[in-house]
Amino acid sequence: MNPQTAEPETAQFARLAEFIDGLGLGHEPDERQAALIEVLHEAQEIFGYLPEDVQEFVAEKLRLPLGRVFGVISFYHYFTAEPRGKHQINCCLGTACFVRGAEKIIEQFEDTLGIKMGEVTPDKNFSLGTLRCVGACSLAPVVIVDGKTYGRVTPEQAAEIIAEYN
Amino acid sequence: MKINIDGTDYDAQPGQTVLDVARANGIYIPTLCYHARTGRAGRCRACVVEAEGIRGLKAACVLEVQHAMVIRTDTPAVMNTRRTVVELLLAGGKHNCLACESNGDCELQDMAYKLGIEKPKFLMETTDLQPDLSAEGIVRDLDKCILCGRCVASCNNNVMHEVLDFGWRGDDVRIVCDNNKPMGDSSCVQCGECVQVCPVGALTFKTSKGKARNWEVEKKRVICPYCGVGCVMEIAVRDNEYLWATAVEENCDNLPNKGMLCVKGRFGLDYLNRPDRLTTPMIRKNGKLEEATWDEALEFAAARLQQVKQEHGPGAVGCFSSAKTTNEENFAMMRFARAVIGTNNVDHCARLCHSSTVAGLATTLGSGAMTNSMQEAQKSDVILVTGSNTTWCHPVFGGMIKHAVKQHGVRLIVVDPRKTDLAKIAHLHLRQRNGSDVAWLMGVQRIIINEGWHNQAYIDERCEGWGEYRASLEFFTPEKVEELSGISKDDLHSIAKLYATGGVGALYFSMGITQHTHGTDNVKACANLAMITGNLGVEGGGVNPLRGQSNVQGACDMGALPNVFSGYQKVTDETIRNKFAEHWGIDADQMHTEIGHTVTTMIEACGDDIKALYVMGENPMMSDANLNHVEKQLKKLDLLIVQDIFLTETAQMADVVLPAAAFAEKTGTYTNTERRVQVGRAALTPPKGTRQDYEIIADIAARLGHETFPRTPAALFDEIKRLTPSYHGMTYERLEPNGLRWPCPTEDHPGTPILHVDKFVRGKGLLTPLQYKPSAEEPDSEYPMCLSTGRMLEHFHSGSMTRRCTVLDGIAPRGEVEVNPADAERIDVRTGDKVRVETRRGTIDTHATVTDTVSQGLLYIPFHFVEAAANRLTNDALDPVSKIPEYKICAARISKAE
């Protein structure tokens with residue numbers, strides 16, 4: 001998720017524009033609205049997060065009100081308007097993970113990285129977030145880093161996992 | 001069908017909700033999220049009822065009626081639920097009625113009162129968000145927001161500004177402006193619609209804070225004094241002071257504005273309360289305006305008019321009537337000029353905005369007004385807007401077009417050199433080179449005919465002039481038109497195809513078409529386009545000039561024009577002259593038999609043919625083209641009488657100044673852009689020392705020997721009705737509450753929303769052959785930029801009213817020039833930088849707004865600002881037919897100013 005690339009911003013916007021144009025949307029507002037979530041996924045994939053100018057670009061390209069775009073971004077936990085680190089560490093807080101000690105794992109990640117939940121490390125290498133049940137309850141507690149799943153994680157493993165990406 | 005509510009049977013229609021039936025029969029069901037203008041929501045649960053045979057409580061606002069349904073609105077279960085809803089809402093926000101602006105006008109307070117809730121039963125953590133004070137006119141206090149969603153619905157579905165929405169989720173849900181910006185930094189235009197529908201005190205008017213609570217004011221119905229939409233509004237008045245404005249909601253589907261207002265209507269009336277209102281007449285003595293009594297001032301005006309008339313003849317006097325005054329007052333000024341002075345030198349500012357429309361459409365169709373009505377926008381299949389920045393200049397109607405496009409699938413073509421708000425949602429937006437309108441319009445028509453998309457049967461049956469017209473199209477080949485207009489051949493083809501084959505097409509235009517030295521030709525080209533596609537005389541079609549002032553249609557109808565009496569009856573027709581002379585009890589021989597001077601030619605003739613001007617509610621020293629020249633001309637007059645509510649730039653040059661009452665202080669009728677005549681009743685007592693415009697005219701007339709000159713609106717309307725065929729069937733009683741659209745020839749006639757049905761007013765529609773003519777002054781090497789001028793959303797005309805309004809002048813305190821980014825880079829200018837704009841006629845210093853709203857090479861300056869008056873720059877070259885100046889194009893240069 002959200003690889004931070006060295007791609008210049010203009011090229012990023014060009015990629016997003018190409019993606020939206022490629023959807024072949026008609027003029028009907030409902031059709032354009034229906035494409036919003038898909039477009040935001042792609043935008044977050046390209047930019048790593050959804051800053052104001054990206055929100056505005058999406059609103060203008062899809063001819064949707066900016067408020068609606070923001071409404072969707074702020075509604076879904078997945079979307080973020082804040083920059084993220086190069087690697088995204090997400091700790092599951094679903095019921096199974098929670099009862100098997102997810103909070104302790106979060107604390108350990110926070111301590112080791114020196115940041116709080118939702119923040120980014122000063123070197124922009126890691127950001128820390130939570131998830132609600134990824135459907136791997138048999139592996140609880142679960143941590144997912146950039147799409148790779150770690151199961152039955154213990155607090156002691158936090159440092160090891162971080163080391164893999166440093 | 002019938003339904004039973006609380007033991008009584010009521011009639012109901014399929015599709016109605018239980019709430020609709022209850023409200024129609026005066027049964028109390030409270031609602032918080034439902035509002036008649038925002039529709040069903042089913043969110044707040046305040047309106048729950050019990051329905052026999054249906055499990056659980058149902059929200060009445062979404063429960064559709066079924067035959068023989070049995071409803072109870074007052075069972076213990078219903079009351080308990082309502083109580084819980086209110087208790088939770090009260091506990092979840094900071095609802096302190098003591099200092100709340102909405103105290104007495106709050107639906108949550110009403111519910112709490114009716115349910116006897118003194119304090120909430122629950123203890124909840126409330127939000128602690130500071131009120132958002134960033135906007136000029138509106139305060140957002142989210143701690144009082146009950147998340148009913150009315151503001152979101154009305155912003156997105158009624159006024160179509162699409163600013164407000166819900167942000168976040170669950171407990172954190174809040175209403176956001178754009179992407180969570182403070183309202184003042186967002187794209188909000190401050191129309192105040194959200195305040196009007198907010199059930200609580202979360203959205204309130206900043207301007208009336210602490211001034212009066214709802215029960216302390218009287219609500220008076222008035223017609224908005226700004227553009228030609230003719231919005232019906234209520235103003236709140238206490239101690240004869242205007243406090244705030246709301247749109248009339250009752251029966252609003254039948255009103256021109258459907259319950260909406262724009263920022264000017266909402267926040268543009270506090271000029272009424274200004275201490276600098278003129279309240280004492282003034283006479284120029286030793287070069288200075290000095291206060292005088294009414295008797296002195298009227299005597300002075302009358303004696304000097306008499307003197308000019310005696311020395312130079314009646315033709316040396318000119319009268320400027322006003323599109324901002326009532327029909328009655330325009331009729332009075334028309335009668336004054338023709339019967340008291342004996343001249344046809346009477347005109348008003350329609351000369352500067354739509355005289356080319358009147359000339360162009362009267363010749364081709366037989367009537368110079370909008371052929372269809374605004375309500376029809378959503379019934380069109382295609383709308384073509386050209387030369388109209390509708391969302392700025394006719395904002396409420398602009399919203400209706402957006403509504404038609406976004407919610408009714410109407411397709412929109414915008415042809416405009418500027419990227420207007422409508423252009424942003426258009427299916428096609430093409431930017432023609434300024435001044436190339438005849439070329440692209442005729443080019444499109446050539447394509448339509450060559451492709452066989454025209455309506456030959458309609459043309460054969462209802463139009464004439466086909467042969468010559470058809471021949472004149474040959475010049476306008478796609479290649480030629482592309483070269484002249486800058487619109488590519490393919491795009492011309494797209495416009496032609498969409499407009500001609502997309503179903504019923506409506507054409508809306510405004511000053512971008514009219515204000516050219518070939519303005520009349522532009523209008524005729526529009527009429528041609530509508531005729532060959534059979535789009536006249538049909539619902540949702542038409543050629544529709546949007547009129548820019550509250551009574552500019554009426555001022556024309558009343559004959560405040562040099563060539564016609566009221567109802568467009570020609571002054572050159574002896575029978576007509578005799579009819580008016582007889583009614584007025586004057587000798588027809590004393591009437592002027594030739595067409596008089598226009599506003600623009602009167603200015604030109606100052607000092608020569610024209611020695612005296614009587615100006616009512618006009619400000620040529622701001623509104624006319626080439627102001628440096630206008631100033632020079634006005635100085636040549638022997639007598640300048642100005643009658644106005646403020647000491648305008650023109651009044652400052654007057655020999656005598658007569659203080660008049662403003663719109664809300666007078667009774668009279670106004671005719672809006674769709675020919676709808678509406679009554680405005682006096683809502684305020686005029687300030688001491690002012691007089692009604694109709695009284696002042698009558699007073700001067702009396703001093704000139706016309707003692708019986710009518711001096712009440714009723715007497716004047718009676719004359720209008722008798723002498724004007726299209727107004728014959730109107731009475732004040734009939735005009736309330738919804739107005740009537742002329743022609744309305746008899747007292748049982750319902751009015752005419754659509755003109756030219758079955759037959760054109762002139763008989764056959766006239767197809768006009770046209771030639772391309774270049775504009776009077778095109779950019780050249782010395783002045784390489786093209787300058788266009790016009791309005792902005794927050795201001796109106798010469799600014800004499802809107803510049804005196806706190807919110808409007810707060811949002812837009814200074815004039816700016818729009819510059820394309822490429823041009824800005826060339827002269828090293830950023831937004832906000834001082835720039836100098838020069839033309840062959842003048843120079844102004846102003847500030848740059850760098851924007852791609854204008855294309856490269858184009859500059860745009862609004863004309864409302866005296867400190868950077870755009871009309872010092874504009875070209876006073878006139879259209880030879882209508883005498884309208886070319887405000888929309890002249891050659892200019894721009895440089896960075898120190």
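Modeller: Helices (H or I, at least four residues) and strands (E, at least two) are DSSP runs, numbered from the N terminus. This is a predicted model, in which local features need pLDDT of at least 70, side-chain atom pairs count only at pLDDT 80 or more, and totals for chains, interfaces and linings use all residues. Residues are numbered from 1 along each chain as its sequence is written, while chains are lettered from A and ligands numbered from 1 in the order in which they are written.

Colleague: How many helices and strands has chain A, and what pattern does chain A follow?

Modeller: Chain A has eight helices and four strands. Along the sequence, their pattern is α-α-α-α-α-β-α-α-β-β-β-α.

Colleague: Into which domains is chain A assigned, and how far apart do their C-alpha centres lie?

Modeller: The bounds come from an automatic or database domain assignment. For chain A, this gives domain 1 (9-75) and domain 2 (87-165). The C-alpha centres of these two domains of chain A are apart by 29 Å.

Colleague: Which helix supplies the largest share of the side of chain A that touches chain B?

Modeller: Two residues are in contact if their C-beta atoms, placed from the backbone, lie within 7 Å. On that criterion, 13 residues of chain A and 17 residues of chain B take part. Helix H4 (52-62) and helix H5 (66-75) of chain A each contribute at least two residues to the chain A side. The largest share, seven residues, is that of H5(A).

Colleague: Which residues have the most contacts inside the largest nonpolar core?

Modeller: A nonpolar core is a set of buried Ala, Val, Leu, Ile, Met, Phe, Trp, Tyr and Cys residues joined through C-beta atoms within 7 Å. A residue is buried if 20 or more other C-beta atoms lie within 10 Å of its own, exposed if 12 or fewer, and partly exposed in between, with C-beta atoms placed from the backbone. The largest such core has 310 residues, and the ones with the most contacts inside it are B:Ile383, B:Cys526 and B:Leu859.

Colleague: Which helix gives the most to this core, and what does B:Cys526 contact beyond its neighbours within four places in sequence?

Modeller: The most comes from helix H8 (residues 327-341) of chain B, with nine residues. Once neighbours within four places in sequence are set aside, the contacts of B:Cys526 are B:Leu441, B:Leu507, B:Phe509, B:Ile513 and B:Val543.

Colleague: In what order do the five strands of the open sheet in chain B stand, and which are its edge strands?

Modeller: Two strands pair if DSSP finds at least two bridges between them. The order in chain B is S19-S18-S17-S21-S22, with parallel pairing. Within this sheet, strand S17 (residues 382-386) and strand S18 (residues 411-415) of chain B are joined by five bridges, and B:Leu384 stands opposite B:Ile413 in S18(B). Pairing on one side only marks the edge strands, strand S19 (428-430) and strand S22 (543-545) of chain B.

Colleague: Which residues of strand S31 of chain B are buried on each side, and what is the bridge partner of B:Glu818 in S34(B)?

Modeller: In a regular strand the side chains alternate between the two faces of the sheet. Strand S31 (residues 816-819) of chain B is covered on both faces, with B:Glu816 and B:Glu818 buried on one side and B:Val817 and B:Val819 buried on the other. S31(B) pairs in the parallel sense with strand S33 (residues 843-850) of chain B over four bridges, and two bridges join S31(B) to strand S34 (residues 858-862) of chain B in the antiparallel sense. The partner of B:Glu818 in S34(B) is B:Tyr860.

Colleague: Is helix H10 of chain B mostly covered or uncovered, and which residue just after H10(B) takes a positive phi?

Modeller: Helix H10 (residues 355-364) of chain B is mostly covered, as eight of its ten residues are buried. The buried residues pack against several elements of chain B, including helix H19 (511-514), helix H21 (552-557) and strand S29 (765-766). Just after H10(B), the residue with a positive phi, about 105°, is B:Gly366.

Colleague: Which helix gives the most to the side of domain 2 of chain B that touches domain 4 of chain B?

Modeller: Chain B is divided into domain 1 (217-273), domain 2 (282-352 + 552-741), domain 3 (355-545) and domain 4 (785-896). The contact between domain 2 and domain 4 of chain B takes 17 residues from domain 2 and 18 residues from domain 4. With three residues, the helix that gives the most to the domain 2 side is H25(B).
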